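The following exercises concern side-chain contacts and solvent accessibility. Each task is followed by a solution in steps.

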Amino acid sequence: MKKTAMFTVFLVVLVDLIGFGIVLPLLPFYALKFSASPFSIGFLYSIYSLAQLVFSPFWGGLSDRIGRRPVMLLSTLGASAAYGVFAFAPSFTALLLSRLAGGMMGGNISTAQACVADLTSHENRTKGMGLLGAAFGIGFVLGPALAAGFLHPQFPETLSRLGLRELASLARENPYAFPGLFAAFLSLTSFALVGLKLPETAPLERTRPPALARPRVWSREFWSIIRSPDGSSHLLRTLFVCLFLLAFGQSSLYGAFPLFCEGILKMSGAKVGLQFAWMGLVAIVVQGGMIRSLEKKWGDRSLFFYGSILMMIGMALIPFSRNAGMLAFSLTVMAVGGSLNGPTLNSLLSKQAPSLQVGSVMGTAQGLAAMGRAVGPTWGGILFGLRYPLPFLLTASLLSFAVAAGLK
């Protein structure tokens, strides 16, 4: 039963991340269709993470209260509706609202992490979190590839040759309709998987503390969880800070990295996409297979420490890259580090969480990660405008906190 449930959680996250990966690279081009300004395009990215910041703790706490299945059913169905709005957005405002709704419905990730915590022992926790990390990597490889296929000039002609002339006409008139509709279909698939295959994993028969059942991001309850639910765990607070900094560091890359590739290395958009796909492949290899044997040999605390070192070094090497090969090496070091410290950090967080508040803690963690992702791209873009090495070197220096935490 546990293996079936774990595989179902993996599929749900994978399917959702493929949909997310399809939409993400299309946002700037879709926004330009409505003559959006650069600031508006940046806000289009940020609003999703801001909504997650507010709602992830709520969904996590609610899953402790009513169960994981109802929350995952609600969030996947809501995400499908948000992608439907994306597919046929008549204005930039509608496009913005679709991303806002998508972020609000992003509770399935923190709830999936809580499911993994429910289903795994302390010894197997890192392996379970690594499985979710592999789903992220696969999603970020397949999603952009599918988006490129939908936007290919030959796609409408292919539909016509198949006799689907009305759909071909729709693809010509609105090239973003099919990516949005396919992402909506994938979320509906996740909804069906949860409804048909996922058993309830939360131990609902036990009484849960009502004060921490539904933490909101600016509420006293949210910050009381960050101070630690039992009022004594300094390690949990440290891990929360590490999670914020790691999410901040990774997202700052999205703000500065394309500018560095285009302005300094003179790389095309397609080559930049290949670099991102390469990072996804590294994540698949490390989190999908290697991390299991590595965790058995070294333990999750050591992997978190060494992963943080590699991520810091990889980030610092990026501005010294002088060609695509050197850049790929820097990104490999960074991706290996992120693939090691990401699952182990989530594993350590879930182990430090009181057994009745795993969903609340993981939801709060996702809220803090969303906070980092909301701020990171702006930080990267501003620093790149001052001097191109700054976003990478200063972010690497901030990641040294995670290295120091690993030493403890």
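This is a predicted model: local features need pLDDT of at least 70, side-chain atom pairs count only at pLDDT 80 or more; totals for chains, interfaces and linings use all residues.

**Exercise 1. Count the aromatic pairs, then classify the geometry of Tyr30 and Phe86.**

Solution. 
Step 1. The count comes to 11 aromatic pairs.
Step 2. In the pair of Tyr30 and Phe86, the ring centres are 4.9 Å apart and the planes stand at 90°. Planes over 60 degrees apart count as edge-to-face, and the pair is therefore edge-to-face.
Step 3. Tyr30 lies in helix H2 (residues 27-32) and Phe86 in helix H4 (residues 68-87), so the pair ties together parts that are 56 residues apart in sequence.
Step 4. Both Tyr30 and Phe86 are buried.
Step 5. Tyr30 and Phe86 also belong to one aromatic cluster, formed by Tyr30, Phe34, Phe86 and Tyr176.

**Exercise 2. Determine how many salt bridges there are, and describe the surroundings of Asp118 and Arg68.**

Solution. 
Step 1. The count comes to one salt bridge.
Step 2. The side chains of Asp118 and Arg68 meet in a salt bridge, at 2.7 Å from N to O. A distance within 4 Å is required for such a contact.
Step 3. This pair links distant parts of the chain, with Asp118 in helix H6 (residues 107-119) and Arg68 in helix H4, 50 residues apart.
Step 4. Asp118 has a relative accessible area of 23% and is therefore partly exposed.
Step 5. Arg68 has a relative accessibility of 1%, so Arg68 counts as buried.

**Exercise 3. State how many disulfides a search of the whole structure finds, and decide whether Cys115 is buried or exposed and whether Cys242 is buried or exposed.**

Solution. 
Step 1. A disulfide is a covalent bond between the sulfur atoms of two cysteines.
Step 2. The search of the whole structure finds zero disulfides.
Step 3. Cys115 counts as buried because its relative accessibility is 0%.
Step 4. Cys242, with a relative accessible area of 0%, is buried.

Definitions and conventions
Residues are numbered from 1 along each chain as its sequence is written. Side-chain values use heavy atoms; hydrogens and water are left out. A disulfide is a pair of cysteine sulfur atoms within 2.5 Å. Buried means under 20% relative accessible area, exposed over 50%, partly exposed in between (1.4 Å probe, protein chains only). Rings of Phe, Tyr and Trp (its six-membered ring) pair if their centres lie within 6.5 Å; planes under 30 degrees apart count as stacked, over 60 as edge-to-face and the rest as tilted. Helices (H or I, at least four residues) and strands (E, at least two) are DSSP runs, numbered from the N terminus.
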